[in-house]
Amino acid sequence: MAVEEGKDLGVTLRINPSRLFPLRLLQFFLVFLALGLGLSVFSMFTVRYLKVQNFVPVTQTILEQLPVKHCYEEPHSLESWIRPPSKLMHTMNDSELLWRASLAPRIKTYPFKRVPKIAFMFLTKGPLPMAPLWERFFKGHEGLYSIYVHSMPSYEPHFPPSSVFYQRQIPSQVAEWGRMSMCTAERRLLANALLDISNEWFILLSEACIPLNNFSIVYRYISRSRYSFMGSFDEDGPYGRGRYNENMAPKVNLSDWRKGSQWFEINRMLAVRIVEDTTYFPKFNEFCTPACYVDEHYFQTMLSIETPHLLANRTLTYVDWSRGGAHPATFGKNDIKKEFFKKISESKTCLYNNQPTTLCYLFARKFAPSALEPLLELASDVLGIS
Ligand SMILES: *[C@@H]1O[C@H](CO)[C@@H](O)[C@H](O)[C@H]1NC(C)=O
Ligand SMILES: *[C@@H]1O[C@H](CO)[C@@H](O)[C@H](O)[C@H]1NC(C)=O
Ligand SMILES: *[C@@H]1O[C@H](CO)[C@@H](O)[C@H](O)[C@H]1NC(C)=O
Ligand SMILES: *[C@@H]1O[C@H](CO)[C@@H](O)[C@H](O)[C@H]1NC(C)=O
C-alpha cells in the first residue's frame, strides 16, 4: 500500500508541481513516519507475542510463515469429500481403482441430502446403436442417474456435448466373452461408479440392451425392491454343476455353485462386496476357464455364499434362448411389433418383494441396430417413453 501511494504521489508531483508541493511533501513524510512507527510497534509486539527466541528478523519470519499457512488453510468442507469426480478418465490402475472404490462409510446415515441415483453401466465393444432410445429414456430425469461406458480401448466415441453419453467413458481394457477379463471389466465399471457416493444401484447393460419401461417405472421398481436382481440358480447337468471344479473347495463347495445371467442389478453394498473380493477371485480366475463361462458363475456364486438373503435370484433383463445354441436370439427390424412386447410382458410371473407380479423385466436384449427405428416409433405407445 505504502509503496503504491508513494508512486502515485511521485506521478502527481511531476504532473502538477504547483504550490501544493510543500503540503504534499509534508503529507508524504507524515505518512512515512506513521508507517515506520506503526511497523516498529508491530514488530515489538510480534516479537513479544510470539516469544521469538532466535535472532531471525521478524519480517522474514512472517514472510516464511505465510505460504505454509495458506496450504493448511485450504478449506476441507464435507463437499470436497462427497462431490463426484468431474472427469471419469483417471490414471489409476485396477489395483488402485479397486482399493479406492472399496472405501465405504461405516456410519449408515448420511449427514447431507443424498438423492440416491441409479448407475447405468454399459459394457460394450464400441458404438451404442441404441443410444437415441436411451437418450429419450433418460430425458428429464437428471440427478437420478449416472452413466458409465466401458468399451474396447481402441474405440473412440463421438458423442456430442448434448448427449447423456458425452464423456461418460471410463478407462477400459479388452474384455473377452466367457473369460475373466469380462468380469474384470464389470468390476472396473462398478469401481468407477462407486466413486460417486450418490450411486445406490448399479445396472449392467450391453449395447444390445433396451429399456422395456420408462425411467419412472424403472426407478420406482429398483429403489423399492428389498432384493438385488442377480440371476442365480443351482442347475444340474453339464452347463450347471458340470462346470464346477473341485479345486475350488472349501471356499466354494459344489452345493454353493450357482449359475445365472451376466446382466445384473445390485445395490451399493453388494457392489462393494464384488469390488473388494480377494477370496473368490483367485479361485474363479484359476479354475473357471472355458467351457466354464466365468461371467455366468463368479458373482452369482460369490454373492449366494456371502449375502444369499439379499438376492432376488432373478435378472431384470429379458433374453430369448428358445432358438437354441450358445447365443440368445437377436431381434431385428421385423421383430419389433406391439405383439412382441406383449409376449415379453406375459412371458412369466415372478416374485417382487415376495409378492407375485407379471412385471418381471425392465430391460431386454439382444437388439440389432436395425431394430432402432421401429423401437423409436413404438417407444411412447408401447414402452411408455415419451
Ligand atoms: C498398480 O500400480 C501399483 C503401483 O505402481 C503396483 O504396485 C500394482 O501392481 C499395479 N497394479 C496393476 C494391476 O497393474
Ligand atoms: C465347504 O465345506 C467345508 C467342509 O464341509 C466347510 O468347512 C466350508 O465352510 C464349506 N464352504 C462354504 C463356502 O460353505
Ligand atoms: C435366493 O437364493 C438363496 C439361496 O441361494 C436364498 O437363501 C434366498 O432366500 C433366495 N432369495 C429369495 C428372494 O427367495
Ligand atoms: C411411464 O409409464 C407409465 C406406464 O406405461 C405411465 O403411466 C406413466 O405416465 C409414464 N411416465 C412418464 C413420466 O411418462
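**Close-up views of a predicted model**

**View 1. Strand β4 and its partner in the sheet.** Ile210 stands opposite Ala364 in β9. Two bridges connect β4 with β9 (residues 363–364), and these strands run antiparallel. Strands here are DSSP runs of E of at least two residues, helices are runs of H or I of at least four, and both are numbered from the N terminus. The open sheet has three strands in the order β4-β9-β6, with mixed pairing; strands pair if DSSP finds at least two bridges between them. Its edge strands, each pairing on one side only, are β4 (210–211) and β6 (317–318).

The model is predicted: local features need pLDDT of at least 70 and side-chain atom pairs count only at pLDDT 80 or more, while totals for chains, interfaces and linings use all residues. Residues are numbered from 1 along each chain as its sequence is written, with chains lettered from A and ligands numbered from 1 in the order in which they are written.

**View 2. Helices α5 and α7.** The axes of α5 (residues 94–101) and α7 (residues 180–194) come within 8 Å and cross at roughly 50 degrees. Asp94, Leu97, Leu98 and Ala101 of α5 meet Arg187, Arg188, Ala191 and Leu194 of α7 (C-beta atoms, placed from the backbone, within 7 Å). This contact of α5 with α7 has five nonpolar, no polar and three charged residues. Asp, Glu, Lys and Arg count as charged; Ala, Val, Leu, Ile, Met, Phe, Trp, Tyr, Cys and Pro as nonpolar; the others, Gly among them, as polar.

View 3. Around ligand 4 are Asn214, Ser216, Ile217, Gly384 and Ser386 (C-beta atom, placed from the backbone, within 6 Å). By class, this shell has one nonpolar, four polar and no charged residues.

Definitions and conventions
Axes fitted to C-alpha atoms, helices over the stretch in contact; angles between N-to-C directions. Contact = placed C-beta atoms within 7 Å.
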